Amino acid sequence: MLLELDNVSVNYGTIEALTGISLTVNEGEIVALIGANGAGKSTALWTISGLIRPRRGRIVFAGRDITRMSPSRIVALGISHVPEGRRVFATMSVQENLEMGAYVAKGGRKTREAMERVFGRFPRLLERRRQLAGTLSGGEQQMLAIGRALMSRPKLLLMDEPSMGLAPMLVREIFSIIRELNEQGTTILLVEQNAHMALSVARRGYVLETGQITLTGPAEELAGNPDVRRAYLGA
């Protein structure tokens with residue numbers, strides 16, 4: 001088991017955003033976390049990344065308790081986060097954005113090798129390496145956000161709504177990239193409102209409703225569940 005959340009609760013003031021959720025991600029898997037807006041999906045990823053501290057519960061990654069670790073230490077251990085809405089550094093170049101993703105490596109040969117791998121995967125970023133990130137298209141910005149996360153060579157990639165705001169053709173391209181990353185050894189926890197696409201690439205899934213996990217199982221089983229189909233698959 002690579003990641004485990006055990007009875008994790010998170011509050012925003014008096015509002016409980018997550019209520020005792022427990023989930024696991026095994027090495028080599030894509031695990032989908034689906035649910036409606038406001039269900040707590042992004043909060044779960046922020047909590048894993050150390051950006052939010054849980055009120056209760058425990059988070060274990062690769063056998064180490066990371067519940068109270070700083071975000072920088074969590075990245076150094078092997079977790080990278082592709083945030084909702086891309087959140088690239090708009091006034092910095094593509095290359096500078098990628099360098100920011102490698103800050104735990106502190107430059108040098110490893111950073112150069114990581115950047116070569118990212119440019120090999122995303123040739124469009126190589127073509128635009130001197131271009132300001134804010135002038136890229138939405139699809140290119142999503143590629144940059146993924147590339148930036150890959151610069152630290154993560155064992156686990158947290159992806160938050162990678163299809164948001166993209167045209168259908170670009171959505172298919174992004175999900176093809178997700179499959180390829182996983183086939184090459186990257187474990188992925190995928191938060192996605194496009195439940196159909198998420199379950200099509202995942203091995204297992206969890207359904208989050210108002211801060212609580214209400215269903216879990218193999219992705220194919222969830223995709224065939226009548227309640228999931230009515231609520232999230234438009235059936």
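In this predicted model, Arg 230 is exposed, with a relative accessible area of 55%. Its partner in a salt bridge is Asp 227, and the closest N and O atoms of the two side chains are 2.4 Å apart. Asp 227 is partly exposed, at a relative accessible area of 47%. Both residues belong to helix H10 (residues 226–232), where a spacing of three residues separates them by about one helical turn. Elsewhere, salt bridges with shared partners join Glu 127, Arg 128 and Glu 140 into one network.

Glu 127 counts as exposed because its relative accessibility is 61%, a value over the 50% cut-off. Arg 128 is partly exposed, with a relative accessible area of 22%.

In total, the structure holds seven salt bridges. One of them is formed by the side chains of Arg 204 and Glu 29, at 2.8 Å from N to O. This pair links distant parts of the chain, as its two residues are 175 residues apart. Arg 204 lies in strand E9 (residues 204–209), while Glu 29 lies in the loop between strand E2 (15–25) and strand E3 (30–34). Arg 204 has a relative accessibility of 16% and therefore counts as buried; the cut-off for this class is under 20%. Glu 29, at 2% relative accessibility, also counts as buried. In general, side chains of opposite charge can pair when their charged atoms come close.

The largest pocket contains about 550 Å³ of space. Its lining consists of 19 residues, and those nearest the centre of the pocket are Val 75, His 81, Pro 83, Tyr 103 and Arg 148. At least two lining residues are supplied by each of helix H2 (71–77), strand E6 (79–82), helix H3 (94–101) and helix H6 (138–150). By class, the lining of this pocket comprises twelve nonpolar, five polar and two charged residues.

The second largest pocket contains about 320 Å³ of space. Helix H4 (residues 109–121) provides the largest share of its lining, with four residues. Among the residues that line this pocket are Ala 114, Arg 117, Val 118 and Arg 121. The lining also includes Leu 150, Arg 153, Pro 154, Leu 181, Gln 184, Gly 185 and Thr 186. Five residues of the lining of the second largest pocket are nonpolar, three are polar and three are charged.

Terms used: Residues numbered from 1 in each chain as written. Predicted model: local features only at pLDDT ≥ 70, side-chain atom pairs only at ≥ 80, totals over all residues. Heavy atoms only, no water. Salt bridge = Lys/Arg side-chain N within 4 Å of Asp/Glu carboxyl O. Buried < 20%, exposed > 50% of the residue type's maximum accessible area, 1.4 Å probe, protein only. 1 Å grid on protein atoms, 1.4 Å probe; cavity = no way out; pocket = protein on both sides within 12 Å on 5 of 7 lines; lining within 4 Å. Points joined across faces, edges and corners; volume = space filled by probe spheres on them. Nonpolar A, V, L, I, M, F, W, Y, C, P; charged D, E, K, R; others polar.
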